[in-house]
Amino acid sequence: MSFLKAFLAGFFSTLIFHQGVLALLHAAGATPRAPYAMESTKPFYVPQVISLAFWGGVWGILLWLVIARFAGSPLYWLLALAFGAVAPSIIALFVVFPLEGLPVAGGWRPENLLGAL
C-alpha cells in the first residue's frame, strides 16, 4: 500500500505542482514550454503530461524508498530536497534530453534549466 501511496503522491504532485509552476513560468514568459502538453509520446503514444506524471509517480516511489527511514531526522528534508528536486532535474537534463534528441542540458539555455528545476 505504501508503494501505491508514494506513486500516487508523485503522479498527482507532477500534475498539480510541476505543471502548475510551469504554467506560471510560461505565463511570465520565462519558459517556452506550455504546461499540460497533450502531444503523444513514443513508443506508447500517451499524452506527454500523462507520461510525465507516470514518471513522477516512479520518482515518488524511489523518493519514498530513500527518505522513509529518515523520518523525524533533519537529514530527511535534505534528502527529500536532493532526491526530490535535484536528482530528477539532473536525469532530465543529462539523460532524457539527449534520448529525445535535444541538446545535453537543453543547450545550457536558462529557460531549459529553469524548466527542469
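Begin by selecting helix 1 and helix 2, where helix 1 passes helix 2 in a right-handed crossing; a crossing is called right-handed if the near helix is turned clockwise from the far one by less than a right angle, and left-handed if anticlockwise. Helices here are DSSP runs of H or I with at least four residues, strands are runs of E with at least two, and both are numbered from the N terminus. Before going further, note that this is a predicted model, in which local features need pLDDT of at least 70 and side-chain atom pairs count only at pLDDT 80 or more, while totals for chains, interfaces and linings use all residues. Residues are numbered from 1 along each chain as its sequence is written, and side-chain values use heavy atoms, with hydrogens and water left out.

**First stop: helix 1 against helix 2**

Keep residues 2-27, which form helix 1, and residues 48-67, which form helix 2, on display: the two pack with their axes 7 Å apart and at an angle of about 130 degrees. The axes are lines fitted to C-alpha atoms, for helices over the stretch in contact, and the angles run from 0 to 180 degrees between N-to-C directions. The angle therefore makes helix 1 oblique to helix 2, given that angles under 35 degrees count as roughly parallel, over 145 as roughly antiparallel, 65 to 115 as roughly perpendicular and the rest as oblique.

Now select the residues that make the contact, which are S2, F3, A6, F7, G10, F11, T14, L15, H18 and Q19 on helix 1, and V49, I50, L52, A53, F54, G56, G57, V58, G60, I61, W64 and L65 on helix 2. Contact means heavy atoms within 4.5 Å. By class, this contact of helix 1 with helix 2 holds 14 nonpolar residues, eight polar and no charged, where Ala, Val, Leu, Ile, Met, Phe, Trp, Tyr, Cys and Pro count as nonpolar, Asp, Glu, Lys and Arg as charged, and the others, Gly among them, as polar.

**Second stop: two residues of helix 2**

Select G57, whose place is in helix 2. Is G57 buried or exposed? G57 is buried, with a relative accessible area of 0%; buried means under 20% relative accessible area, exposed over 50%, and partly exposed in between, using a 1.4 Å probe and protein chains only. Which residues does G57 touch, leaving aside its neighbours within four places in sequence? They are A6, F7, G10 and F11. If you draw a distance from G57 to G10, C-alpha to C-alpha, you will find 4.1 Å, although the two are 47 residues apart in sequence.

S51 counts as buried, at 19% relative accessibility, and, not counting residues up to four places away in sequence, S51 touches T41 and V46.

Helix 2 passes helix 3 in a right-handed crossing. The contact is made by W59, L62, L63, V66 and I67 of helix 2 together with Y76, L79, A80, F83, G84, A87, P88 and I91 of helix 3, and its residues divide into 12 nonpolar, one polar and no charged.

Most residues other than glycine have a negative phi. Y36, however, has a positive phi of about 55 degrees although it is not a glycine, and it is partly exposed, with a relative accessible area of 39%. Y45 is found in the loop between helix 1 and helix 2 as well, and has a positive phi of about 60 degrees without being a glycine. At 53% relative accessibility, Y45 counts as exposed, and its C-alpha atom is separated by 24 Å from that of L4, 41 residues apart along the chain.

Then select E100, in the loop between helix 3 and helix 4 (110-116). E100 counts as exposed at 56% relative accessibility, and, C-alpha to C-alpha, E100 and K42 are 9.8 Å apart in space and 58 residues apart in sequence.

**Last stop: the whole protein**

Finally, show everything: the secondary structure comes to four helices and zero strands, and the elements run α-α-α-α from the N terminus on. The C-alpha atoms fill a box of roughly 40 × 30 × 25 Å, taken along the principal axes. Of the 117 residues, 26% count as buried.
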